[in-house]
Amino acid sequence: MEPVRFETKIAVLLRDDLAVWQRLNVTAFLVSGIAGTHPEVVGEAYEDADGQTYLPMFRQPVLVFEGSKELMAAAHERALRREIEHSVFTQELFATGNDRDNRAAVKAVRTEELDLVGIAVYGPKNAVDKVLKGARMHH
């Protein structure tokens, strides 16, 4: 069997100064936006040998990168300029506890002043690579 190749890429960029729990939390929230708006990226439900079923997951890998606050701002600007769909997570969202307050926290800040700690992008591989230029794989 030949390996499956994807023309698209799902990638998360995290600010490199986050605590481990923050990185995990931000990643989970960011990719939910992609799954929620692009049903084609989600595969079929899983089933084990006993017939127990499990929720479906992404059909393709999610790559996680990290970079500085400055790189985060540059990647966000490139995503906007290239019209690449993306989700954002700002520093203020760590202090909120619900969706309504999350939305209000983002709405209160101008685009160029967002204190981004993470973004997730989905699109053609080459476009996503250009948005993430300079980022390094998360380790």
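**View 1. The open sheet has 5 strands in the order S5-S6-S1-S4-S7, with mixed pairing.** Its edge strands are S5 and strand S7 (136-137), each of which pairs on one side only. Strands, like helices, are DSSP runs numbered from the N terminus, with at least two residues (E) for a strand and at least four (H or I) for a helix, and two strands pair if DSSP finds at least two bridges between them. This is a predicted model, in which local features need pLDDT of at least 70 and side-chain atom pairs count only at pLDDT 80 or more, whereas totals for chains, interfaces and linings use all residues. Residues are numbered from 1 along each chain as its sequence is written, and side-chain values use heavy atoms, with hydrogens and water left out.

**View 2. Strand S1 (residues 8-15) and its two partners.** Because 7 of the 8 residues of S1 are buried, this strand is largely enclosed by the rest of the structure; buried means under 20% relative accessible area, exposed over 50%, and partly exposed in between, with a 1.4 Å probe and protein chains only. S1 pairs with strand S6 (residues 116-124) in the antiparallel sense over 7 bridges, and here Val-12 stands opposite Ala-120 in S6. With strand S4 (residues 62-67), S1 runs parallel, joined by 6 bridges. Along this pairing, Leu-13 has Phe-65 of S4 as its bridge partner, Leu-14 stands opposite Glu-66, and Arg-15 stands opposite Gly-67.

**View 3. S4 and S7 pair in the antiparallel sense over 2 bridges.** Phe-65, the bridge partner of Leu-13, also stands opposite Met-137 in S7.

**View 4. Helix H1 lies across S1, S4, S5 and S6.** The helix runs at about 35° to S6, where axes are lines fitted to C-alpha atoms, for helices over the stretch in contact, and angles run from 0 to 180 degrees between N-to-C directions.

**View 5. The largest pocket holds about 400 Å³ of space.** Of the 13 residues that line this pocket, Ser-87, Val-88, Leu-93, Asp-99 and Arg-103 are the closest to its centre. The elements that give two or more residues to the lining are helix H1 (20-37), strand S5 (86-90) and helix H3 (99-107). By class, the lining has 6 nonpolar, 5 polar and 2 charged residues; Ala, Val, Leu, Ile, Met, Phe, Trp, Tyr, Cys and Pro count as nonpolar, Asp, Glu, Lys and Arg as charged, and the others, Gly among them, as polar. A pocket is an open set of points, on a 1 Å grid over the protein atoms alone, where a 1.4 Å probe fits, with protein on both sides within 12 Å along at least five of seven lines, and lining residues have an atom within 4 Å of a point. Grid points are joined across faces, edges and corners, and a volume is the space filled by probe spheres set on the points.

**View 6. Asn-102 lies in helix H3.** Asn-102 counts as buried, because its relative accessibility is 17%. Leaving aside neighbours within four places in sequence, Asn-102 is in contact (heavy atoms within 4.5 Å) with Leu-93 and Thr-96.

**View 7. The second largest pocket holds about 170 Å³ of space.** Helix H2 (residues 69-81) gives the most to its lining, with 6 residues. Arg-15 and Leu-116 are among the residues that line this pocket, and the lining divides into 5 nonpolar, 2 polar and 5 charged residues.
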